[in-house]
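Hi,

Here is the structure I promised to pass on. Have a look at it first, and my notes follow below.

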Amino acid sequence: MHACTRFLSYVGLRAGQARYLSATTTLREKGYFVTQPIFYVNSVPHIGHFYTVVLADVIKRYAGMQGKSTKMSAGTDEHGLKIQQAAERANRDTLSFCTQYSNRFRDLQAAANVDNADFIRTTDPHHRKAVAHFWNVLVDRGYIYKGEHSGWYSVSDEAFYTELQVEERVDPSTDKRGMFAIESGQPVEWVSEVNYKFKLSEFRDRLIEWIEGSQDVIYPEIRRNEVLAWLRAGVDDLSVSRPRSRLKWGIPVPGDDEHTIYVWVDALVNYATVDGYPWGNDKPNFFPPDVQVVGKDIVRFHAVYWPALLMAAGLPLPKRILAHAHWTMGSQKMSKSKGNVADPFEAIERYGLDTLRYFMVRNGGIADDGDYSADEVLVRHKKDLAGQLANLAARCSSERLGVKLDGFAALSQALQCNVDSRDAALHAMLTELPDKAKPLFDKGEFGRGLGLAFDVLAEANRHITENEPWTLVKSSDPEQQARLQVVLFYSLEAVRLASIMLLPTIPEKANRLLDHIAVDTSERQWVNARFGAGWQTPGPKQLLPGVATLFPKLA
């Protein structure tokens, strides 16, 4: 089929787009489920929490743009020895202590403009019942037994470590020697106690097979390789309870009030609880998760313990675990003691929400750590959002230029079949953009995908400068007038495509920009993020004023 014919058949009418969306909806067997990790309530939210929240929200919005029914979970992890001790130090009732910090994380969801997350607390009564049921399933299926457990325990990590996972060194904060977890750097203490244990070792081979069966089930590859290395080195059975005498703040082991369920078993079950577990004879609406967004520091719990527990319970496994990198400041790990932490609420107030969301997504690391810098936030705002995106739209919006949006649908089809050499470079970038960006978006590499969109905007700005529409408009020659509309079309088409691709990341500003350039709300799906797939809706179209003020100057 000729390229032009393929284009026309793809774009077609809006009914064709509706058929495409309907077909994908019909084939979908369940809703698309994105999970945030539930955050520990021993402190207030920091910029790293904000990044995790926004990344999960971007994934959910992107899925929704493809016609998928979506759900996202969020919440707080409120049990464990660390919380118990923190509340004791604060001389507070433990539940009220948890509520105080849980409310701040709930506030973060709203401040970040998260799209309808289902917020759960592990202290919620229905979650406690779900965890007890999950535990009983593991017992009934023969995967829980009682035995003596000895190992290096980190209160901060709420995890046991083996001899190979700890090291002796000097604590720089105290100048005293001690034992520390190599993975997290947290202090550990030797603990011997009688616990309930989970037969994790029985699932080693099945976990390896699961991970090797899909290249992207754990992403990025560096995290996938880490998990495989852990498994190939061998795994011991997992201690899944603590004596009640040591840990009172948690869910009791069913039938044994002398033991408390391990906080990570409790926490991980939240991903099922939020979709109505236990389901009985009903089928879950969204479970298992399609994407689980976690920080790289907790990938072991999500990529080893969680799938093994699900296998033991006879439940389906998550389809993908996206373990993102962390944030530094001045290339150093953020730390309260160093004074190099960033408050997301203050940052939103200073820069504006969508500017901050854009910076975090664009500069945030998936494989490698991102570096948080106030100067870089301002550069992204001034150079990208104001300078490249909004400025290009403003350059086309002058009433003097007389852009004719009503003719863009027909013009786009004509240009697909007949490209002027002066437009060839930009035309190629516009037509190739969605197919280059989508694989990156699908992986969660939104920063890299948006980088491609801004490369196109840079070329579009060069193109409009070179073709001088402000000169063309002065001519009465019909050919020059036709050329004027072509030049304006290419500029606004670049703005349209970039704005649609930006919708998951800066939903408020991107929607306002699409309003400015008269893109109908029905044409803001991913299917419209292609050359010529806009301005198809019948009826008059007119640019709205004020686009130049969309991203005001920041101090």
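Before I go on, a word on the source. This is a predicted model, so local features need pLDDT of at least 70 and side-chain atom pairs count only at pLDDT 80 or more, while totals for chains, interfaces and linings use all residues. Residues are numbered from 1 along each chain as its sequence is written, and side-chain values use heavy atoms, with hydrogens and water left out.

Back to the loops and backbone. Most residues other than glycine have a negative phi, and most peptide bonds are trans. Asn-113 has a positive phi of about 60° without being a glycine, and it lies in the loop between helix H5 (94–111) and strand E4 (117–121). (Helices, H or I with at least four residues, and strands, E with at least two, are DSSP runs numbered from the N terminus.) Asn-116 is found in the loop between H5 and E4 and also has a positive phi of about 60°; at 65% relative accessibility, Asn-116 counts as exposed.

There are cis peptide bonds to look at too. One joins Tyr-219 and Pro-220, with omega about 10°; Pro-220 sits in the loop between strand E10 (218–219) and H8. Another runs from Phe-287 to Pro-288, with omega near 5°, and Pro-288 is in the loop between helix H10 (270–273) and strand E15 (291–295). Phe-287 also belongs to an aromatic cluster with Phe-134, Tyr-271, Tyr-277, Trp-279 and Trp-306.

Trp-152 and Trp-190 make an edge-to-face pair, 5.2 Å centre to centre with 75° between the planes. That pair links distant parts of the chain, 38 residues apart: Trp-152 is in strand E5 and Trp-190 in strand E9 (residues 189–198). Trp-152 is buried at 15% relative accessible area, whereas Trp-190 is partly exposed at 46%.

Next, a sheet. Three strands form an open sheet in the order E12-E14-E13, with antiparallel pairing (two strands pair if DSSP finds at least two bridges between them). E12 and E13 are the edge strands, each pairing on one side only. Strand E12 (residues 241–243) and strand E14 (residues 256–261) share three bridges, with Pro-243 opposite His-259. Strand E13 (residues 252–253) is joined to E14 by two bridges, and Val-253 stands opposite Asp-256. In the hairpin of E13 and E14, two residues lie between the strands, and Gly-255 takes a positive phi near 85°.

Finally, the lining of the second largest pocket: by class it has 13 nonpolar, seven polar and three charged residues (Ala, Val, Leu, Ile, Met, Phe, Trp, Tyr, Cys and Pro count as nonpolar, Asp, Glu, Lys and Arg as charged, and the others, Gly among them, as polar). Those supplying at least two residues each include strand E5 (144–154) and helix H11 (299–313).

Cheers

Definitions and conventions:
Phe/Tyr/Trp six-rings, centres within 6.5 Å; stacked < 30°, edge-to-face > 60°. Buried < 20%, exposed > 50% of the residue type's maximum accessible area, 1.4 Å probe, protein only.
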